[in-house]
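Please look over the two-chain model below with the sequence at hand. The briefing after it is meant to be read alongside the coordinates.

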Amino acid sequence: MIKTSTSPRIVLFIAKKEYCEVMHERTFILSILIQLFIASFSTFLVIGLTSFYDPTALGQFDLQSTSVSIIGESDNKLYPFIKNSDVTPILDDTFGDAYTRFYNHKVDAFLMISDEHPEGQKIIHINIYLPKSDLKATLVSLQLKVPLEKFEQTVRNIRTKRLEGYTPLKLTFIEGSLKTTSTYFEFIYVALLPLLMFTPAFISGGLAVDCITEEFERKTLDLLLVSPISLLDVVNGKILLMAVIAPVQSFIWMILLMLNGISIDNALLILVLVFIIALILVVISSIISLTFKERGIAQLFYSLILILLFLISYLFTNSPLNMVTRLSIHSIGSMESIIWICGYVLIALLLYWILTGVVKTHHNDR
Amino acid sequence: MIAPILNLMAGWSTIAKWEFFRSKQKFDKKTLMLLVIFISLLIAAAFVVAQTNLNMNNDIYHVAVTDPYLIPIIETDQRFNCITVNRSTAQNLNINNIDLVIIDQKVYSSDTEKSASASEALEKTLKKYRETVLLSHNDINNTHPVWLTIHYLERQEEFHLMENEQDKTGTEQSIPEKPQTTNINQNDIETYTQEAAELLNKEPSNILPVNKEQVQQISKNNLLQKQTVSTPSNFAPPIPFTAVMYSFLFLFPIYFVSQFYSNSIMDERANRKCELVLVAPLRSVDIVVGKTLPYILACMMILSIVTVYSKGLPTSMEVIKSSLLILAILFPIVLLFFAVSFFCAILSRSFKELTFGMVFISVVVSGYLFFPAMFANVHAISLISPMTLIVNLIEGDTIKAGEYLFSTFTFYLVAISVFGFGTFIFREEDLFTQKPITEKMLDCIEMYLLHPYGSVFILSIILIPYVYMAQLMLIVMLFNLPMPYSILIMIFLSAMVEELVKSIGIFTLIKRKMVSTTLRNAALFAILAGAGFFIGEKLLIIITLAPIGASVFGLVMSMGTLLLIPLIIHITCAMIVSCGMYYTSTRWYLPFLGLATLLHGLYNIYLLRGIIFD
């Protein structure tokens, strides 16, 4: 007797059984913990990074002003530019003096500028000496970049007049009261949010591999199939649960982010998208598990496919990752988003159709 | 003499051979073919992605312009999506859907975070556009008149020892900064001066670009390489956290192989497959070593390839030496990863649990590797992470033996002890039963305490690196809470970890009825556990901090009487739990643990009062 039919009652029963197992093993809690850890780690990175790129944005992490040394006299071309910036310049007569000062941590960088005039023909050459340490060098360079760019602009204002047919594009920025860096904003919405939203879906895919291969390896599947339950029922039940728990976790993330003052638009649509992507991943991992029946191999293929999908998602605008970004900051029209979500639903259906085929051949093999 | 050694070797080498052939069997022809196909697909996809822009922030900002000539300029950046509007609609534009409005030459932004961010992004885009236009003139001396040459000079780091929450030694006053002595090398100055003078006087064409193509070549940003020549506009600060990026490169293979390893262990348990091996005349150590060795070898082989990739082919003695050093640093990391995955595979009751356990543990260990590494060259604490050393080696520095010991010491310690605990319960009743995880953990401790060298005193010492790791993780986790609360929670949680570690041995002794429950015993074990923890803690500080600076060493040593108070606190807190269980029962373990935590936490708060209630 070949059982290929599936009944919703049995599917729900299997899903419930899996749910009890997941809850019993407290794996769910562990999963939340993992994600919390990843999130805190990212926030740490964000705060760290933004405090470099825009020290003023985080008043409480006030950085000490940096001093640099310039080799030359007080009529040095660079001196006024640096004096008008966040960096304190000190003048030194010789390279040796500056180097000693630098070595003794009195200054964090020193500069040496060639004799060429801004009105001249030749290139103005500046040597910058930075400490080898990662963070200090980053910090000093960030602060030095501003006056150096201003200096470059001044020289350019003189010299670009010599160019034929060059008119600089001048746009005036009328700033609102709010000032922010795009780095911070984009890190939150482009990197962090999509990652947090889809991590549960990635985990669900891995869990599906475990659930299905376990039945094979522990040989419990045969027992299940003796009862009036078909293989499709079993697989469906597992898929259902794994696909449903992903948006639930994403929802928890949203609440946490919102509590932290990060507003998220179109929350419902994002959750729908997460559900569909989780479904796609779980169906893919079910196909893999049914084909290989061995956990190690199945997990390997699943992670390879996951990386592949990740790479592919960088190739087009409305990839799931970017779509979460665009949805969350209201940068996508409702028509466009619905069309794309329908597209993903179609992919999920197609994959599910392949899965039923795999299940059937599996039955015929028996 | 040699025969028994050979005999011992035969045991684990047979298992190792067996393991090797079995894992070969798993990959039949079909699987291997599919694997090759997928990996080549991956490489192809990676290649295609590298050729195009990363579409990870496409069309996130909407801009309305009145002058259509601006559209192609703004849309050079994929983040922007432009529409043309006429002047009258631009003024009444519903600002909700549009982030920026450009009327004539003026850019208007609204007061939302998104709009402000779009405005800043546009500024950067226009700067980039300006560079492109200027470059097309191909007249470097007029378009790019200023050039920077960036040099990185070595200098001795000055370390301010951070006041960390774990410091219970009662020294909240900051360590007086030693006046730096000028031990600068006069020769160095002379060579550098000469070099610098030469650089400045040289015809710029030797170092600086003369045409468009060369400028483009220079402007190509390489994420990991430090810039040496640049214009001020292109001057990109060296990316911090290179250590984190390298860590990813090295950790991926370790993570993959340890997946297979834990799966193989789990496999043995799934169908009692291991039963035959267990009845064979082999010690469980042999089985564990035999099963582990092939995977460690495979992992080290993959890591050697990664090392060659990051360090270049070993052509000179120097490259060989630093490559070998990198592998020597990676070895304890591999060992730790494998130890925890081994333990995880023994504890978990199902594949699902194993997956979660593995992910959890990899996240924690990676966190331990990443977090301190982010402070590479900034703070002494970064040396805790071996990744810092790897970065130093890749950048061509050398490392000292003391530094190696400092950063890998805890790794070796934890890895070996985890393997030890796991081997203790590598027996039928733990492998093939569905015992709860807590019971299995108690089994480990019971087996350890039954061992001739086992005692609660040494147990406390062994568990100290775990406390270290746990506390470090807590710092990361609590980072997103506001300031005073995070420290308060941190103090109590880390106190709880310490109390748990001290009392877990005593709990096992009483619960498993390994000793007679008398008041004398309860007090004795409390003293042993407390003293063990105290000594271990101080030993670790001395061993690990010694390479950083003698001043710290001296500080710890000179504290003298101050050491007495923490010792008493450690013993008292252990005593609360121990005697508490004596007077009631082990069921009251958790409440008494809470009480001890409270006392310990309050003491720590008293010590750190200056920092918290500032």
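Predicted model: local features only at pLDDT ≥ 70, side-chain atom pairs only at ≥ 80, totals over all residues.

Residues are numbered from 1 along each chain as its sequence is written, and chains are lettered from A and ligands numbered from 1 in the order in which they are written.

**Confidence in chain A**

- Within chain A, helix H9 (residues 267–292) has the highest confidence, at 94, whereas helix H2 (residues 27–53) has the lowest, at a mean of 65; helices (H or I, at least four residues) and strands (E, at least two) are DSSP runs, numbered from the N terminus.
- The pLDDT is below 50 over residues 55–62 of chain A, a stretch that makes 6 contacts in the model beyond near neighbours in sequence, two residues being in contact if their C-beta atoms, placed from the backbone, lie within 7 Å.

**Overall make-up**

- Chain A holds 12 helices and 5 strands, and 44% of its 366 residues count as buried, meaning that 20 or more other C-beta atoms lie within 10 Å of the residue's own; a residue is exposed if there are 12 or fewer and partly exposed in between, with C-beta atoms placed from the backbone.
- Chain B has 25 helices and 6 strands, and 39% of its 614 residues count as buried.
- Among contacts with a separation of 6 or more, residues 24 or more positions apart account for 74% in chain A and for 69% in chain B.

**Domains**

- Chain A is divided into domain 1 (8–50 + 181–365) and domain 2 (61–161), with bounds that come from an automatic or database domain assignment; the centres of these two domains of chain A, taken over C-alpha atoms, are separated by 52 Å.
- For chain B, the assignment gives domain 1 (2–51), domain 2 (61–136), domain 3 (140–154 + 208–238), domain 4 (240–449) and domain 5 (455–614).
- The contact between domain 2 and domain 3 of chain B takes 4 residues from domain 2 and 5 residues from domain 3.

**Nonpolar cores**

- The largest nonpolar core has 107 residues, and those touching the most other members include B:Leu336, B:Phe343 and B:Ile506; such a core is a set of buried Ala, Val, Leu, Ile, Met, Phe, Trp, Tyr and Cys residues joined through C-beta atoms within 7 Å.
- Helix H12 (residues 317–347) of chain B gives the largest share of this core, 17 residues.
- This core lies between domain 4 (240–449) and domain 5 (455–614) of chain B, because both give residues to the core.
- Not counting residues up to four places away in sequence, B:Leu336 touches B:Val365, B:Phe411, B:Val414 and B:Ala415.
- A second, separate core of 81 residues includes A:Phe202 and A:Leu355 as well as B:Ile98 and B:Val101.

**Strand pairing within and between the chains**

- Strand S4 (residues 124–131) of chain A is mostly covered, with 8 of its 8 residues buried; one side carries A:Ile124, A:Ile126, A:Ile128 and A:Leu130, and the other carries A:His125, A:Asn127, A:Tyr129 and A:Pro131.
- S4(A) pairs with strand S3 (residues 109–113) of chain A in the antiparallel sense over 4 bridges, where two strands pair if DSSP finds at least two bridges between them; A:Ile113 has A:Ile126 as its bridge partner.
- S4(A) also pairs in the parallel sense, over 8 bridges, with strand S5 (residues 146–153) of chain B, and there A:Pro131 stands opposite B:Leu153.
- Strand S5 (residues 172–174) of chain A runs parallel to strand S4 (residues 106–109) of chain B, joined by 3 bridges, with A:Thr172 opposite B:Lys106.
- Strand S3 (residues 100–103) of chain B is joined to S4(B) by 4 bridges in an antiparallel arrangement, and B:Val101 has B:Tyr108 as its bridge partner.
- The hairpin of S3(B) and S4(B) has 2 residues between the strands, and B:Asp104 takes a positive phi near 55° in this hairpin.

Note on methods:
pLDDT = per-residue confidence, 0-100.
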